[in-house]
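Visitor: I would like to learn how to read the features of a structure such as this one. Could we go through it together, with the general idea set out and then the case at hand?

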Amino acid sequence: MRFKQFLLIISSILFVLSASVESRAAADYSVFNKRPRLYFNSTRLEELRSLKDQKPYSDFLKIVRKRGRNEVGSRVPNNLLLFDASTIRRPADGLLDISFYYLITGEPSFFHIIEDLLHLFSTNPDWAGNSDMGPAHVLFSMSLAYDWFYDKLSPGLRLLVRDAIAEHAENFYDLTHNKKIWWSQDRGLLQNHNYVNVASMAIAGIALYGEDKRAVKWLDEAERNFDAVLGLLSPDGASHEGVSYWSYGTLWLLNYYMALVPAQGLDKVRESGFFRNTARYRLYASLPGFLYNVDYADSLIIDYYGPGCFLRCLASIFKDGHAQWLASKVERERRRRTVLWQDYLWYDPSVEPESPDNLPLFGWFDNLGILLSRSSWGKDASLVMFKAGPPQGYLALSKGNYPGSHIHPDEGSFCVWQGRKGLVMDDGYVLKKLSSSHNLLTFGKFGQLGEGGTWFIQEDFRKSGGRVSRPRFVSGNGLQAVEIELAWLYPPAVRPKSWKRAFVVLDGADVFIRDKVVPSGNRDIEYYAHLSREARRSASGICLDYGSGYSFDFMGKGFSSSLRRYSLPTQSMGKSIPRIGMLYTATSSSSAPVFILSSVARAEGGCTSSGVIKSYDQASDIAEVETAAGRYRIDFSSLSVTGN
């Protein structure tokens, strides 16, 4: 009995301690007791206004003003009947840009536009379905305008706006709390839809705190959601959805966390591996010259939003000079078209920009198995990408989270760029996800689990059990090498006993790929390489571009090959644009182990000379190669290189 009483006392003490810790960590919403309260208080607002004629703030304002004018157009529409969930973002973002510009400058001609937009959204309750990102953009903009102009709005309009915000925030709460829609469920926690929709609900909660008793539950629900998201975000800072969707998602993650700073501080951001490392990911994912970025998954070669403003935000939080430098560099290359109103807000002039010249020329992002390696930081450099590991990353997989949507069945694929020109390419935002659209192997024409649909079929991947081995990675003296077992990614009916792909990069320029396949039976094996449209057969290899000297070489016993022009239907910002290139295909049928050696490298005599691969011994797994940089001996079993 005494022992039971002792256990009861200990349990009570632990409960009290845990409750007190939770209480100390809880957000204090009572700080939102004055206006403005969203992203700045009255003192900070006056500081922001005092900067409007100083550079770079004056430059930021010019872009915000121009964008706001373009988004709204010549006049505010009478109703929302012609808007869908995508197009309604335009007037919503226009409201926000014009509101911020007016708030800082006080230019009188803009306020009637703000009033008209607020009236439009308040008197039209259907915001294009009220269940996803378009309506979330409206809710976000309405909430900020309501807070910023609370005292300036007429009592009647203020009441209309407040009721509209409350109605739509409650709707998003219902969808989130009761998990009524896919983005609010576990599979949506690594998806930009979740971040946009839940963040807008939280911003509405801040705007109406003290006026609507439901505001606290909206904020609490958002905190629970984003705590779950933080536990799944890739700690290496990389994105499973690619750079374009990374930019959209990261912006909205910071929209949420920066709004909550007065109530909960920045500890959650500072302690997050994702936030600590994600500016580094964007730096290494930049194509040479920094005008464009690598494209994989459904992402394109540009950021959808920013990335300057949230790179500046991260630079301020982590005192990261490289992030500060990258923000300015990308904006200069894109002629400042990427500036957002948050640039004005989050720019911290105390952080000195620092070029990447003092950084390694490669980044290894181990959670997603992404290698990005370049020959230099110059605009004419080469850049290599290799992608391996589970589609959603090892962390999320270990927690049983299986996201879908914008990911592709492309593990083991690679891309090569010379400057900003693609030599070996990704498939882009295709209308059907197929492994054969990537630079990897298929078996009996079957690709990896998840292929075949408009979206990645996550259920197929989930049912496989996700038996994932970690890749082997080595680096040193201009060498990066990865070996990964990829057989587990294929359907059981065609799954080989083993497929190990070894990927070796020399000086960020020359790439060598060894594939060792142990079939599960007599099986057709197809090797795909999607090459530049300038690719042509020459001597023993394929000249990728007569101006660069790069050649593609293939060595595989018993394979027949073809090189033909291809076109893939892609989707880019709502438009169907074909991606055209040259498709190299090599095919063989075997029940015995198969060895393949291929390369994308600068040939010693230019791309029209004899092949880069001089010999390959399967027994020792050693290749002799010669590139423009010298002759090398590559031991794929140890992932080591000797030579020049």
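Visitor: In what sense do β12 and strand β13 pair, and over how many bridges?

Guide: As a general idea, two strands pair if DSSP finds at least two bridges between them, the strands being DSSP runs of E with at least two residues, and helices runs of H or I with at least four residues, both numbered from the N terminus. Here β12 and strand β13 (residues 541-543) pair in the antiparallel sense over three bridges, and R536 stands opposite C543 in β13. This is a predicted model, in which local features need pLDDT of at least 70 and side-chain atom pairs count only at pLDDT 80 or more, whereas totals for chains, interfaces and linings use all residues. Residues are numbered from 1 along each chain as its sequence is written, and side-chain values use heavy atoms, with hydrogens and water left out.

Visitor: What is the order of the strands in the open sheet of eight strands, and which are its edge strands?

Guide: The order of this open sheet is β7-β8-β9-β10-β17-β14-β13-β12, and its pairing is antiparallel. The edge strands, each of which pairs on one side only, are β7 (472-476) and β12 (536-538). From one strand to the next the twist averages 15 degrees, where the axes are lines fitted to C-alpha atoms (for helices over the stretch in contact) and angles run from 0 to 180 degrees between N-to-C directions.

Visitor: How many residues of strand β2 are buried, and which strands pair with β2?

Guide: A residue is called buried under 20% relative accessible area, exposed over 50%, and partly exposed in between, with a 1.4 Å probe and protein chains only. Strand β2 (residues 370-374) is mostly covered, since five of its five residues are buried. I370, L372 and R374 point one way from the strand, while L371 and S373 point the other way, and all are buried. Strand β1 (residues 362-365) pairs with β2 in the antiparallel sense over four bridges, and the bridge partner of F365 in β2 is I370. β1 and β2 form a hairpin with four residues between them, and in the turn G369 has a positive phi of about 65 degrees. β2 also pairs with strand β3 (residues 382-387), in the antiparallel sense and over five bridges, with S373 opposite V384 in β3.

Visitor: How many cavities of 30 Å³ or more does a search of the whole structure find, and what lines the largest cavity?

Guide: On a 1 Å grid over the protein atoms alone, a cavity is a set of points where a 1.4 Å probe fits but cannot get out, and its lining residues have an atom within 4 Å of a point. Grid points are joined across faces, edges and corners, and a volume is the space filled by probe spheres set on the points. The search finds two cavities of 30 Å³ or more. The largest cavity has a volume of about 160 Å³ and is lined by 18 residues, of which Y195, L233, S239, H240 and F274 lie nearest its centre. The elements that give two or more residues to this lining are α8 (192-207) and α10 (243-259), and α10 gives the most, with five residues.

Visitor: What is the volume of the second largest cavity, and which residues line it?

Guide: The second largest cavity has a volume of about 60 Å³, and Y296, M385, K387, D410, S413, F414, C415 and D426 line it. The elements that give two or more residues to that lining are β3 and β4 (414-418).

Visitor: How many aromatic pairs are there, and how are the planes of F362 and F473 placed?

Guide: Rings of Phe, Tyr and Trp (its six-membered ring) pair if their centres lie within 6.5 Å, and planes under 30 degrees apart count as stacked, over 60 as edge-to-face and the rest as tilted. By this rule the count comes to 51 aromatic pairs. F362 and F473 form a tilted pair, 6.1 Å centre to centre with 45 degrees between the planes. This pair links distant parts of the chain, with F362 in strand β1 and F473 in strand β7, 111 residues apart. F362 is partly exposed, with a relative accessible area of 22%, and F473 at 23% also counts as partly exposed.

Methods. 1 Å grid on protein atoms, 1.4 Å probe; cavity = no way out; pocket = protein on both sides within 12 Å on 5 of 7 lines; lining within 4 Å.
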